[in-house]
Amino acid sequence: MTYTENYLSVVGFILVGLALPAAALTVGRLLRPYQPSGPKAMAYESGVLDPTGDSRVQFHVRYYLFALLFVIFDVEAVFLYPWAVAYDALRADVGLFILAEMGIFVFFLVIGLVYAWKKRVLEWT
Amino acid sequence: MNGWTLFGPVTLLSVVLLFVTYAILFERKVMGWMQGRHGPNRLGPWGLLQTVADILKLLIKEDTIPRNADRAMFKAAPVIAFVPSFVVLAAIPYTKGLLFSDLAVGLLYYIAISSITTIGILSGGWASNNKYALLGSMRSVAQMISYEIPLVMSVIGVVMAAGTLNLTGIVESQKEVWFILPQIIGFVVFFIASLAELNRTPFDLPEAESELVAGYHVEYSGFRFAFFMLAEYVYVYAMAALTTILFLGGWNPLFGIDFIPPIFWFALKFLLMVFLLIWIRATLPRIRMDQLMQLGWKVLLPLSLINIFLSAVLKEVFSGWY
Amino acid sequence: MEKYFLDYDWTVMAPELIILAAAALLSVIDLLLKEGGNRRLLGWISLAAVIGAGVVAAQQLGDPAYEILSDTYRVDDFARVFKLILLAGTGLILLGSFREMDREGKEARGEYIYLLLAALLGGMMLTSSADLITLFVGLELLSLASYILAGIRRKRTDSNEAAWKYVVMGGVSSAFILYGMSFVYGLTGTTNLYTAQQRLFEAYNSGYEPFVLLSLFLMLLGFAFKAASAPFHMWAPDVYQGAATPVTSFLAVVSKAAAFSLILRVLLGTYLFLLQAGPWQELVAPALLVIAAASMVIGNTAALRQTRTKRMMAYSSVAHAGYMLVPLAAVAGAMLFESTIYYLIAYLFMTLGAFTVLMVVERETGNEHLASFAGLSRRSPLAAAAMTVFLVSLAGIPITAGFFGKFYILIHAVTAREFWIAAVMLVTTVVSYFYYFGVIRMMYFRPPSDGKKVPIPAGAAVVILISLAGTLLLGFLPQWTLDFLGQMDWMSTLSPVRDTLGQ
Amino acid sequence: MMEQLQQALPIGLVFSPLIGVIVLLCIPRDKAGWLKGVGILATLPPSVLALLLYFQFDARAGGVQFEQRLPWFQIQLPQIPPWEVAFHFGVDGLSLPLAVMAALVATLAACASVYIQKRLKGYFLLFLLLEVGMLGVFLARNMFLFFLFFEVTLVTLFFLIGIWGSIYREKAANRFLLYNGLGSAFLLLAMIGLFVLFQSLDYSRMQEMAHDSRIQAMLAQEPVNNIVRGIFLCTVVAFAIKLPMFPFHTWMLRVHAEAPPAVVMIHSGVLLKMGAYGLIRFGVELFPQQMQAFAGVLALLGLINILYGAALAFVQNELRRLLAYASVSHMGIILFGIAALNVSGLTGAVFQAVSHGFISALLFFFIGSLYERTGTTDIRQLGGMARPAPVLTGIFLAGGLALLGLPGMSGFISEFLAFLGLFHEEPGLAAAGVLGLVLAAAYTLRAVLKAGFGPVAEQIKGMADTRWPETAPMMVLLSCIILIGVWPDVLGEPMKVTIQTIASRIGG
Amino acid sequence: MMPVTSYLALGAILFSVGLYGVLTKRNAVVVLFCVELMLNAANINLVAFSKYGLYSNQTGQVFTLFTITIAAAEAAVGVAILFALYRNQNTVKVDRYNSLNG
């Protein structure tokens, strides 16, 4: 299969993937009842009263901290993947230096991880 | 674009839907047995039509949307969650010939597309304008991104060993020995992380009924709810397939028993993985949020990093072995 | 033949490696030390590393230019001299702020030190880069560390705001630089500065002039920001005011020096062909001259209105950026490198000295309003005298470093026949007398608010003395520095290293 | 050996006040007596050395004497040989009288500093640095050095005005800084321009080049001559501010009114003369053609200075302001002399510079003494001073007479020479200028009579007369004035050759 | 050279949108997004050039990897600073950040 064909197939998957919900929801609309009423449209909180206050409350900062950590380590993976793919070729080419190099790279990230660990960023409290 | 381009996905979709239908039943049955009860057994022989009935029920259920919800986003969220789960399947090879697209970066493709679902979950929770839903979706996102890191890192050992990101290539390179052996650490990390990615017990905190009512889909009903569930089970399918490919040698036969066709080998291993997932669900209790995060960052991530270097060392020691 | 890592002479990177190792080591030690414990050790280690790196860099001065890592990293005299400036600046800041950071934020002291080293490392990479990628990475390492440093007093709103403004504006300027770089790459297919020069020349001659110039001007906008020169100086006053004083002096001295090395390297390394091709005289030089003149005018006039010393110093640093751009704008003069670097060295001493005194005063009075300096001549005659010398030097009055530096730049401008920029320089210098002498007036003419002595911590005292000596020596005995700069091989900056294997 | 010592005379003279600086640094701040004593004593070596220089100077030989160069630094330049700057000092007929005058006035001003009350240590330190600056200005043989010393006087004077001045001292210091800073900027520009033109800043070298006919021809060509004109204008403006010439004079009024009298002695007596010196040294010597073209304007400005200063001096009641306007007026006479561009004019200008130096030093010494006793310098409150303080009034009278140019005193000689010079060139303007002399008589006598005679005013009833420590310095100044007045050659002889050389070069 | 024009246009549009957003948006988070948008505009250019440039090669993509990393780090730093600011100021409205002035 060629490069283009491979991705055409992916496009096919996307189309089919979109078609299923479209079809199912259309069919569902024909079949299901529609009787909206006040309490039904109420957001669920205790089941009796309207929800108190805005639900979009301020999140705890830890969510953001984990998001940041994620970004950093995900980007690390960006470098690890090409390296891993080309590992054999590079190993033959420049020897174990290639390993040492990645070792240095990972070492610095580990320092970052240890830092976060030590600063209790990783605690979910 | 030829016929296969659309026909293939449609066929696969049918297969997947079938799988999901019976995977749910299977799960309930297995859990029933394990817990010393029968599980669904009323509809159809052996309860075979139970899930079908459930689906039909969902189809005719009223679709309520909360007053304060962000309607457009509320409607779009299940679709955003579901579509990627199906699109990732494009890259999965079942045998050497049976595959939909042979992407050179198949593994990366899988990881990249699958993370889009997170957005669907987050927008669903946000659009519901409900505290439980929002909290559930935030937890879900936190969990998914936390475990995506070990997931991604644990595969690097495999990539190093195979020297390619192409999934067919990875299976081919397991002719001699499956990666589950040399990459045992990677496998363990990968498996645990995939459990978490699937939001399955013991990592099903985002939808923990006892804590959060039902998590991010608390306000969803009818078929919109169904699509969230569908997405989860399609991911079970996809993840089991991926694990099979990455660590269990895909369609490669065991002990050279090659009279069994490769597709059956694949199916066997795949079903084993599915069973394993169900088994764990029935066995383990749910863990706490803080334990969850610490496990991901403090245990799995370092392990997967170590695994990378162990793989390299292994390569040095056994160079020429595979 | 391709060369691989171990074939290179890694010793040329020794200064960078020392700093890198120190930064890594310090961050680990900082984690291992007890929280709230004494962090004095970190300061000493960092200082030792900076001095060690400086010694190594100094020993390499005069060696032939050398390129390492597939021609992406270039160690020539230009880079070495700039590295020495950066190291000296950082070393003095570290020494001067030993006590200061204890007070400003005990919890962030370790971070402060190794972020400073990280920023320094970024600056050193920047000066040595011969490749757009390394250049950009170095620049961002410097910038990112600086953003955090600016906000290191995280309990204080002004510090946070400073960091915020810095990160947004810095991000935009990085985007400009990167966008410009993308065009360079598109036209040349290479990220090597010197290869790009030849190919840009070809591209220029085959109908892509607009893109060549576009890339240059986009980058120039970004560079103007990094050097805090007009028209992108707006961040400077806010950031300088909000950041802790040692950080401010880092931004004012080290960051600026690095920015100038960047500007010189890119413009002279990659775009020098425009000089022969024509548009330099028509477009580039006027643009640079306008930037320089605008910086001088805006910096010096805006500084007049300030009542906070740090904001005043920020505008003053904008003005000094303008002065330092003059040699490059008047590229025809032949003392381009010498005059720029002489001024940078002078600027280093006088600005650092002034900021250290400012820090001492701020420490005692609790703020950095101009009024805090009232009666300093009574409260600490020596600090006041030193500050006077620094301010007089900043104002460019003989026999100080600032005068000689300006004088040198003026000669350069006049020999390049750029008379009007010389005139602007002089007039704005006179304007600057007002605010510099405004501080002096406070120190000497106004009575102190209370008669208490202002204590000067030992580290700060040493920095003040070194800066004082530097300021006076550079003004009074310029010959040493002139000789030193005269021996450097500047011309190698302009052309690629032909023979990296040393065969 | 002897010769070497003689060679080192100018440099020794310039830096001799530094001995005092070092000694002062060692004295604790609260020992007022010691500080004053050392401060005054420290100004003696320069005076002694200056007199030695004067007597050693070979008047007949003319030219530059006691020349000494100590290498300092050099800047590598493209194409042309490196630019060497040296510690290059020496005297010629132009600088000698001014240097001697400066040293003497400085000593006497130090004596007048006994009235200073606060922060004595800082005061004398700055005072001595100021002396270094002004001696350096007159003795430097290199424009770069000239500029450096010029700036030293600027900074030190800023502090002296700003800290020890009277009520509006800060404003005065600011104004001083702004104008003189601008002047220095122009001077710097002119200096760099001159360097580009002549590729050297040595006086001798520059003069040589300026009078080389080939170079003159080159400089007269189209694009270059505009640059030359620009540089010339920069030079003129720089020194016009210092002098001060008419539109630039306001800063100087404030300084006169606000600075402590001892500082004004130096300022009015010496520092203003740096403007005159610079105009002759750089304007006349280096730009003969431009100067000739400009002479008419210069004379006109001089006339304005004379008449404007005199007219305003006439209506002042405050003695300091009166003397400030009188200074403006007298500086106009210097401009006349320079504009004449001939031997008598230039001689007159230098004579006027020296003589006015002594006269205004004397008058401000008087004002210092007066203010110390009465707390006022307003002539309306000072009537009948002669009765309680006859000596002081006598000195005031003598100074006033010198100011208005009474024959037998130095002012007469200088005014006579300057006007004589200009009559040759611009008779009309010179005639108009004579009006200024009449006005001078009027305002001087008005002030002297009003303050010294008539009924005794309330405030000064109990005032004491001067004692010898104050009288003696004033007498020294007065004797200098009279010495020059009765024996002009004492001043004229050393400068004769130099002035003649300058005049012959410009063809005057 | 036809295809590259459209990529360049896309890049230019993204860059302009980002710049516009930085200059006009009042929400601090959006401002950060806009900065990222500008950086990504440059990435689009780089990748486009690496395929369709005058000299097409892989360097552009390598460069892009680096800039993505840097952009991520910049976003991380930006968000971290924003937290600190939010904690002290309790708002993400940029025009409320005005404690710095002369």
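Of the 125 residues that make up chain A, 39% count as buried, meaning that they have under 20% relative accessible area with a 1.4 Å probe, protein chains only. The model is predicted, and its local features need pLDDT of at least 70, while side-chain atom pairs count only at pLDDT 80 or more. Residues are numbered from 1 along each chain as its sequence is written, and chains are lettered from A in the order in which they are written.

Chain A has four helices and zero strands, where helices are DSSP runs of H or I with at least four residues and strands are runs of E with at least two. The UniProt record, in an unreviewed entry, places the feature "transmembrane region" at residues 6–31, 63–84 and 96–117 of chain A, although such annotations may be inferred rather than shown by experiment. Residues 6–31 of chain A are 100% helix, and the C-alpha atoms at the ends of this stretch lie 38 Å apart; residues 63–84 of chain A are likewise 100% helix, with end C-alpha atoms 31 Å apart.

In chain C, helix α3 (residues 77–96) packs with helix α15 (residues 336–365) at an angle of about 5°, their axes being 10 Å apart. That angle makes α3(C) roughly parallel to α15(C), a description that applies to angles under 35 degrees.

Methods:
Heavy atoms only, no water. Axes fitted to C-alpha atoms, helices over the stretch in contact; angles between N-to-C directions. Parallel < 35°, antiparallel > 145°, perpendicular 65-115°, else oblique. Buried < 20%, exposed > 50% of the residue type's maximum accessible area, 1.4 Å probe, protein only.
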